Amino acid sequence: MSPLQITAMLTMLVDHIGFVFFPDQPLLRIIGRIAFPLYAFGIALGYRRTRSVKRYAMRLAALAAVSQVPYMLAFQWARINVIGTFAVCLIVLAALDRFKGSRLISAAVGLAAAALLELLPFEYGAYCLALVLIYRYLPREYWVAAHFGLNLLYFLYNGWWIQLFSIIPTGLLAYGKILLKRLDTIRVPRWLWLSFYPAHLALLAVAAL
């Protein structure tokens with residue numbers, strides 16, 4: 001597990017503590033904006049590197065299923081957790097590569113997936129899919145501009161001002177390549193990365209009782 005993964009876990013924890021226990025303290029939620037882009041980038045990177053998209057998607061689906069009850073208890077809402085959203089994004093990436101010769105089919109797949117993510121609803125919805133697609137298909141030098149445009153669109157659409165801060169990790173991902181290579185030499189156990197999401201949600205759910 002890399003320092004980016006550790007950063008994603010810790011800032012997600014800060015964000016969720018802020019949401020559950022300190023909803024009137026925006027600073028914790030602002031810090032938490034670092035987490036989501038790092039996870040979305042991890043999905044795009046993992047898709048490129050995995051030997052089996054099917055097994056990768058099944059692992060995400062299983063993790064989403066394990067996380068769903070503590071997620072609903074911790075946050076007190078009826079949505080599908082973000083791991084489920086990432087699983088859909090992974091399937092979309094595979095479908096887009098499968099039909100990359102047809103722009104019409106690719107557009108239809110993307111639009112259908114975006115509608116599914118919004119209607120059911122999945123956490124982060126179509127926003128998540130758009131960001132994963134940015135990391136997967138755009139050259140790195142366009143990431144900040146594309147992510148800023150996405151954030152601006154959601155701000156104008158529903159006033160999602162706090163998400164504007166999520167541009168910070170995208171800037172690091174786009175322009176901090178040398179630093180990231182040095183940090184990537186640090187390793188910690190993989191089991192912590194896999195178990196952290198459902199485990200911390202379960203603890204938050206119990207603490208909130």
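This is a predicted model: local features need pLDDT of at least 70, side-chain atom pairs count only at pLDDT 80 or more; totals for chains, interfaces and linings use all residues.
1. The greatest contribution comes from helix 8, which supplies four residues.

2. Salt bridges around D15. Side chains of opposite charge can pair when their charged atoms come close. Three salt bridges are found when the whole structure is searched. In one of them D15 is paired with R29, and the closest N and O atoms are 2.5 Å apart. Because D15 belongs to helix 1 (residues 3–21) and R29 to helix 2 (residues 26–32), this pair ties together parts that are 14 residues apart in sequence. D15 itself counts as buried, at 7% relative accessibility.

3. R33 is located in the loop between helix 2 and helix 3 (35–49), while D15 is in helix 1, so the parts tied together here are 18 residues apart in sequence. R33 counts as buried, with a relative accessibility of 2%.

4. The salt bridge between R136 and D97. For R136 and D97, the closest N and O atoms of the salt bridge are 3.3 Å apart. R136 lies in helix 7 and D97 in helix 5 (residues 82–98), so this pair ties together parts that are 39 residues apart in sequence. D97 counts as partly exposed, its relative accessibility being 23%. Through shared partners, salt bridges join D15, R29 and R33 into one network.

5. A pair of aromatic rings is described by the distance of the centres and the angle of the planes. Across the whole structure, a search finds 17 aromatic pairs. One of them is formed by Y71 and F75: the ring centres are 5.3 Å apart and the planes stand at 80°, so the geometry is edge-to-face; the cut-off for this class is over 60 degrees. Y71 and F75 are four residues apart in helix 4 (residues 53–75), which means that about one helical turn separates them. Both residues, Y71 and F75, are buried.

6. Aromatic pair between helices 7 and 8. Y127 and Y154 also form an edge-to-face pair, with 5.1 Å from centre to centre and 85° between the planes. This pair links distant parts of the chain, as Y127 is in helix 7 (residues 125–137) and Y154 in helix 8 (residues 143–158), 27 residues apart. Y127 and Y154 are buried. Both belong to one aromatic cluster, formed by F36, F86, Y124, Y127, Y154 and W160.

7. Arginines over aromatic rings. R79 is positioned over the face of W77, 4.0 Å from the ring centre. R98 is likewise found over the face of a ring, that of F99, at 5.2 Å from the ring centre.

8. S106 is placed in helix 6 (residues 103–119). With a relative accessible area of 16%, S106 is buried, since that class covers values under 20%. Leaving aside residues up to four places away in sequence, S106 touches L96, F99 and K100.

9. P189 occupies the loop between helix 10 (177–183) and helix 11 (190–207). Its relative accessible area is 41%, so P189 is partly exposed. P189 and S2 are 187 residues apart in sequence, while their C-alpha atoms are 9.6 Å apart in space.

Methods: Residues are numbered from 1 along each chain as its sequence is written. Side-chain values use heavy atoms; hydrogens and water are left out. Rings of Phe, Tyr and Trp (its six-membered ring) pair if their centres lie within 6.5 Å; planes under 30 degrees apart count as stacked, over 60 as edge-to-face and the rest as tilted. Helices (H or I, at least four residues) and strands (E, at least two) are DSSP runs, numbered from the N terminus. Buried means under 20% relative accessible area, exposed over 50%, partly exposed in between (1.4 Å probe, protein chains only). A charge sits over a ring if NZ of Lys or CZ of Arg is within 6 Å of the ring centre and within 35 degrees of the ring normal. Contact means heavy atoms within 4.5 Å. A salt bridge is a side-chain nitrogen of Lys or Arg within 4 Å of a carboxyl oxygen of Asp or Glu.
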